[in-house]
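Here are a few notes to read with the model open beside you.

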Amino acid sequence: MELERFWQLVTAPGHSNDNEYLKTRLSPLSSEEIAQFDALYIKELRALWYWDNWKVAYVIAGCNSEYDFLDFCNWIISRGPEAVSVLTAEPDELANKFAIPNKDDLPYPFIDELDLVAGLLFEEKNQDELPYHSVVNFPPQGKKFKNKPKQLKAELPQLFGQYWLG
């Protein structure tokens with residue numbers, strides 16, 4: 001599967017149920033294509049598995065666990081390659097370029113289990129499992145960020161001003 005096709009399938013801005021939307025998009029694909037999609041998804045997740053990206057999720061929504069960070073990365077991927085690019089190149093612009101959803105009047109840039117959709121669909125179609133590739137079993141790459149408000153404000157001033165609840 002070509003990377004462009006992957007992004008066409010996974011990008012889902014504005015859908016109320018991203019998991020169901022992705023499953024619907026993947027359902028017509030062959031088992032081989034679903035497996036290829038899953039491999040690309042894992043590759044994209046691993047490319048986001050950095051402390052600098054976690055810091056952004058921490059400032060926006062208080063992200064403080066590997067599973068929350070995974071759900072944040074799922075949300076970023078579901079917003080497409082531009083969101084990935086903004087997060088990695090100009091993270092302080094994220095809220096200016098992408099609407100951060102809210103839940104209970106708090107920022108909620110998370111999608112639970114989007115990373116599992118392709119594997120579950122593959123299993124449903126084939127009564128067999130794809131290899132499991134967990135990113136949460138590995139520490140993020142880079143240097144762990146300091147959660148000191150003064151430093152976070154200096155590094156991500158726009159996001160800090162808009163979202164920090166600390």
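1. The lining of the largest pocket is made up of eleven nonpolar, three polar and seven charged residues. Here Ala, Val, Leu, Ile, Met, Phe, Trp, Tyr, Cys and Pro count as nonpolar, Asp, Glu, Lys and Arg as charged, and the others, Gly among them, as polar. A pocket is an open set of points on a 1 Å grid over the protein atoms alone, where a 1.4 Å probe fits and protein lies on both sides within 12 Å along at least five of seven lines; lining residues have an atom within 4 Å of a point.

2. Before going further, please keep in mind that this is a predicted model, in which local features need pLDDT of at least 70 and side-chain atom pairs count only at pLDDT 80 or more, while totals for chains, interfaces and linings use all residues. Residues are numbered from 1 along each chain as its sequence is written, and side-chain values use heavy atoms, leaving out hydrogens and water.

3. Back to that largest pocket: its space comes to about 370 Å³, a volume being the space filled by probe spheres set on the points, with grid points joined across faces, edges and corners. Of its 21 lining residues, D115, L116, G119, Y132 and H133 are the closest to the centre. Two or more lining residues come from each of α3 (31–48), α5 (66–78) and α8 (117–126); helices (H or I, at least four residues) and strands (E, at least two) are DSSP runs numbered from the N terminus.

4. The second largest pocket holds about 260 Å³. Its 18 lining residues include I60, A61, G62, C63 and P107, which lie nearest its centre. The largest share, four residues, is from α4.

5. Among the buried ones are F69, F72, W75 and I76. Their cover includes α1 (3–10), α2 (18–26), α3 and α4. Just after α5, G80 has a positive phi of about 100 degrees.

6. The largest nonpolar core, with 54 residues, has L26, F37, F72, I76 and L94 as those with the most contacts inside it. Such a core is a set of buried Ala, Val, Leu, Ile, Met, Phe, Trp, Tyr and Cys residues joined through side-chain atoms within 4.5 Å. Beyond its neighbours within four places in sequence, L26 is in contact (heavy atoms within 4.5 Å) with L9, I34, F37, V117, A118 and L121.

Methods. Buried < 20%, exposed > 50% of the residue type's maximum accessible area, 1.4 Å probe, protein only.
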